[in-house]
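Dear colleague,

Please find below the structure that I am handing over to you. My findings follow it.

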Amino acid sequence: MTEENTTKENMAEKNEDKLIAAARKLSTDISPGRDLWPGIAEAIAKPAPRRSWARLDGRTSMFAQAAAIVLLIGASSSLTYVIVKGQQQAPITVPSTAMIFEQTSFANRYSLGPGFEDAHSALANDLKIELARLSPEVRANVETNLKLIHGAIFEMNNALEQEPDNILLQKQLLRAYREELAFLRRVSGLTRNIMMRNDI
Amino acid sequence: MSLDTEKRHLAALLTAESSDYSRYMATPVTESLTDEAAWIKRAQCSDSSAFEALYRLHIDKVYGLCLRMTGNVAEAEDCAQEAFIQAWNQLSKFRGDSAFSTWLHRIAVNSVLGRMRKAIRERERILAVAENTLEPVATGDDDDLRDLSEAVGRLPEGARHVFVLNAVYGYSHDEAAEMLGIAAGTSKAQLHRARRLLAQQLKQQGFEA
């Protein structure tokens with residue numbers, strides 16, 4: 001590097017330092033041309049925006065609906081279970097349904113696997129007969145819950161028609177089917193227990 | 001205390017419905033801090049008049065920062081407004097670990113960066129805005145600094161942001177880097193770039209610092 005170059009660089013640095021010193025003198029307080037407060041006041045007068053599923057687009061709202069329905073089903077069928085259990089002292093075994101759903105697939109055509117279909121139709125056939133053995137109050141409760149579950153399944157199937165690859169909806173639908181199956185088993189187990197006790 | 005600052009403090013006090021502002025005017029710094037702390041507490045309890053007092057106290061610096069960073073009056077107004085709305089929504093998170101002004105400036109920088117990210121998606125709109133904003137914006141700088149101020153406005157975005165935060169507003173590289181979401185090394189490199197570009201621009205204009 002030549003002496004001339006070094007001198008040039010030093011001068012450039014000196015100038016840049018002067019520039020920084022000058023920059024420190026630039027105004028940091030600048031008044032806006034108009035009062036911005038009215039706009040701010042208006043915005044903060046409204047409640048703070050919360051993340052609301054319902055306020056998002058229709059798809060997400062459908063998600064929320066599906067999730068809420070499934071939760072409701074869970075709570076409702078558990079309640080039925082508790083009521084029914086209170087009437088019957090015999091233990092009820094609810095077998096795992098995990099295996100049944102191994103062959104489940106979604107997309108354009110929903111298939112819940114042959115295991116589910118068999119179990120579902122067998123339990124549905126028995127249900128009508130077994131329901132007759134329950135008290136009117138419990139029967140009404142069971143029917144209400146079943147309507148709720150079927151409504152949820154219907155809604156989720158509709159949603160899945162629009163979005164066949166939506167994983168969350170698929171999971172929710174699967175969960176609703178599981179709830180339905182478990183619920184049918186509870187009712188079925190309950191009536192079988194009644195029959196067993198009656199037989200004795 | 002400058003007339004502008006005095007007026008701002010007075011406006012803030014009047015907004016906060018305090019009657020004893022003469023006392024405040026006599027010893028502005030300590031009283032200002034005490035009042036600011038009180039206003040923050042009140043604003044945290046959803047007192048919008050206290051928040052207005054905070055707005056009156058800080059708006060010029062926040063708007064100045066937004067204007068220097070965006071180089072556009074309309075964008076700066078929107079950013080400043082958005083910053084205060086965000087600040088109101090996040091007030092409960094302010095714990096006093098840093099000065100309120102620093103906290104507010106951080107929000108303002110985020111607001112500017114957020115709008116600029118959005119603006120990339122609205123390129124045409126921004127190009128239209130840019131065409132309309134070739135005229136220098138009023139920053140209230142002394143005549144001898146006007147060239148420098150305009151040259152800062154013409155810097156590329158990254159270099160301009162670092163230069164404004166570091167050289168104009170006096171934030172350290174670490175602070176500027178944190179605000180901008182970049183590494184401190186990048187901040188230093190951008191400042192170096194900004195200095196070189198400014199020196200070139202101003203040399204052409206015969207600027208004497």
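How many residues of chain A are in contact with chain B, and with how many residues of chain B? In this predicted model, 27 residues of chain A are in contact with 31 residues of chain B, where contact means that the C-beta atoms of two residues, placed from the backbone, lie within 7 Å.

Two elements give two or more residues each to the side of chain A that touches chain B, namely α1 (3-24) and α2 (37-45) of chain A. The most comes from α1(A), with 10 residues. Helices are DSSP runs of H or I with at least four residues, strands runs of E with at least two, both numbered from the N terminus.

Confidence is given as pLDDT, the predictor's own value for each residue, from 0 to 100. Chain A averages 66, and 52% of its residues score at least 70. Among the elements of chain A, α2(A) has the highest mean pLDDT (93) and helix α3 (residues 58-87) the lowest (55). Over residues 50-60 of chain A the pLDDT is below 50. Where pLDDT is low, the predicted coordinates should not be read in detail.

Chain B holds 11 helices and zero strands. Of its 209 residues, 38% count as buried, that is, with 20 or more other C-beta atoms, placed from the backbone, within 10 Å of their own.

Residues are numbered from 1 along each chain as its sequence is written, and chains are lettered from A in the order in which they are written. Local features need pLDDT of at least 70 and side-chain atom pairs count only at pLDDT 80 or more, while totals for chains, interfaces and linings use all residues.

With kind regards

Methods. Buried ≥ 20, exposed ≤ 12 C-beta atoms within 10 Å, placed from the backbone.
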